[in-house]
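Here's a quick tour of the model you have open. Keep the viewer handy and click along as you read.

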Amino acid sequence: MPQTTASEFDRSDRSLDEAYQAWSEAAAAVLAKSRRSTVEELPASAEELLSTTTLDGLRIRPLYTRRDENAESGLPGGFPYVRGADPDRDVTMGWRVTERFGDDATPAAELNLAALDALSKGASGLWLTVGSGISPDDLAAVLDGVYLDLIPVTLDAGADGIAAARALLSVSRQAGAAPESVAPTTSTVTSLGLSPLTAAFSGRATVDGAEATSLATDVPAGVRTFRVDGTDFATAGADNGLELALQIAAAVTHLRDLTDAGLSAADALRQITFAVSAGDDQFATIAKFRALRKIWARVAEVVGAPEAGAAITHGVTDLSMQSQRDPWVNMLRTTIAAFGAGVGGADQVTVLGFDAAIPTGNRTSSASFSRRIARNTQLLLLEESNIGRVLDPAGGSWFVESLTDDLAANAWTVFGQIESAGGYRAALDSGWITDRVGTSLANRDDAVAHRRTAVTGVNEFPNLDEKPLGAGVADVTDVPLGAPRLARVGRAFEELRDRSDAVLAETGRRPTVLLLPLGSVAEHNGRTTFVANLLAAGGISVVNPGPLTSEGIAGAVADANAGIAVLCGSKQRYADEGAAALQAARATGLRAVLLAGPEKEWPEGDDRPDGSLRVGIDAVATLRDLLDQLTHEPAGATS
């Protein structure tokens, strides 16, 4: 193969720089045109204006090129394991489709039939809840006919974790061999599912850490005791970098406990698995799994056992991203999440049902339907899209590799802060972790409230005519996989919708606002649509009588029987007719008259609208205040 000379590299770099400069100039021209200004008047470069910042502080640029290329990160299954933990993954199977059972009171025999049916229809892993419907003693019946050397089993037994673990180990010892024996691999690891450290934060029931450590010193090969559960942090509001940092900090604490108990570093590393929250940002999810493996490999290298540093990961679709309103959209969210986890190299993936955020008693779909949709979501990705046939398909992508490195560096920095605070336990006891997650949650809630983060069917494109599956349950955490700290992304808007539903049930009519469109439909349609969508997100309906003049406003107000109105028009229309329209609206005795659009568009004068509905406002606070006024409740809940 002919070698590339230094001069050829130089020419290539110059060509790349020239191409990037040409792109920057073209992008700047488009931005200037959209802003109705000139390139010289732009406040920053095109790259800066088009870049975004994630909730964990990472900067996402609009374009990645060969200039962002990183060094090769090894092969799948080899150190530093960025590209996957398993060198022997069966590409015809892909990741393990792990289905969860036992969250209801189904008897053991029926649960066994349901599990076997799922395994016959595409599931390839089991996640069993013990303590809700079945006891540790029921595990033998539940797993009857399941080949435990082929099907990885994960337990979630809460306070019964130790008893359930011992029962599963007993079942495994007594289980018959499969017709064709296979050597244990990463994909067939059994997880006893003990999560004492992460559950201590989330408030889930759990076991004594010292007892769990003692158990871990005497389990057979192919069994891992500890499950470091990142979903405990993610569902409470932790951003991606913070979730990873807290997982690593907890895992390192387990590692220290295990080595203090007499295990070698390599054996201690092999007692830990990771549950990772998979969200609906596909690239962030892909990078999260890759970054976790990179960081854990570094930990293994530091303790002198890099060969044991392959992090085994179980991706679980994020419960906090799921909505109760328009819950069918959750099917799309979990599809993206499953895709991200699979492409990111998860060893197992569990897709939660589309109605997982709704209390069990409020669900209208059968459990079997929800379970089938969740399972088939993965099977479509694996068997029709063939996502699992390529190991690390995102590897080599300039963006994904950069995002992986940036996320790993972010998490490593936070991990260092936790270590400086005395380690995971000290940081938890001091309130450091609670405060840090609380700050992350506040940032996320602020982005949702200002609609910088869109939640389809909740704060964007809501359907006021939809029949809710549950009333007054927006802040309920008592759902399977829920925890006391569960904070769903859309809950603030859904609480407003619950208020509206209560008014509708009591009076037969939702809180209603009148739109006062000025000028032609072409002039006001964008703003009437925006305002109707915004108000519907808070459960407020609108009456749109069509284009009005100031003379027709009194009749429109009388017909609508609404206490608040919104003037909707163009900047020029406000200048021409706004003052007269506002005066006519005030003469009807309306409680408030608002403006659609920025306040600066209203012409100079003493009489101005009582507020504005525009892009960038705190929609939650605004809608809460409007509901207070429309339902004659005291204002003051807008902080």
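A nonpolar core here means a set of buried Ala, Val, Leu, Ile, Met, Phe, Trp, Tyr and Cys residues joined through side-chain atoms within 4.5 Å. With that in hand, note that this is a predicted model, and that the chain averages a pLDDT of 93, with 96% of the residues scoring at least 70.

**Where to be careful**

**The nonpolar cores**
- The largest core takes in 105 residues, and F274 and W296 have the most contacts inside it.
- Helix α9 (residues 240-260) supplies the largest share of this core, with 11 residues.
- Looking past its neighbours within four places in sequence, W296 touches I248, A251, V252, L255, L269, I272, F274, G309, A310 and A311.
- There's also a second, separate core of 48 residues, with V489, L548, A592 and L594 among its members.

- Strand β7 (residues 223-229) is mostly covered, with seven of its seven residues buried.
- On one pairing, β7 runs parallel to strand β6 (residues 190-194) over three bridges, and S191 sits opposite R224 of β7.
- β7 also runs parallel to strand β8 (residues 272-278), this time joined by four bridges; here D229 has A275 in β8 as its bridge partner.

**Helix α17**
- This helix (residues 491-507) has 17 residues and reaches 24 Å from its first C-alpha to its last, close to the 24 Å expected at 1.5 Å a residue.
- Its buried residues are R491, F493, E494, L496, R497, D498, S500, D501 and V503.
- Those buried residues pack against three helices: α16 (432-449), α18 (521-536) and α21 (619-630).

**A loop aspartate, D68**
- You'll find D68 in the loop between β2 (59-60) and β3 (96-101).
- D68 counts as buried because its relative accessible area is 17%, and the cut-off for buried is under 20%.
- The D68 side chain makes a polar contact with the side chain of R61, at 2.3 Å.
- Setting aside neighbours within four places in sequence, D68 is in contact with R61, L63, W398 and S402.

How values were computed
Residues are numbered from 1 along each chain as its sequence is written. This is a predicted model: local features need pLDDT of at least 70, side-chain atom pairs count only at pLDDT 80 or more; totals for chains, interfaces and linings use all residues. Side-chain values use heavy atoms; hydrogens and water are left out. pLDDT is the predictor's confidence in each residue, from 0 to 100. Buried means under 20% relative accessible area, exposed over 50%, partly exposed in between (1.4 Å probe, protein chains only). Helices (H or I, at least four residues) and strands (E, at least two) are DSSP runs, numbered from the N terminus. Contact means heavy atoms within 4.5 Å. The expected span of a helix is 1.5 Å times one less than its number of residues. Two strands pair if DSSP finds at least two bridges between them. A polar contact is a pair of N or O atoms within 3.5 Å; within protein, one must be able to donate a hydrogen and the other to accept it, and residues adjacent in sequence count only if both atoms are side-chain atoms.
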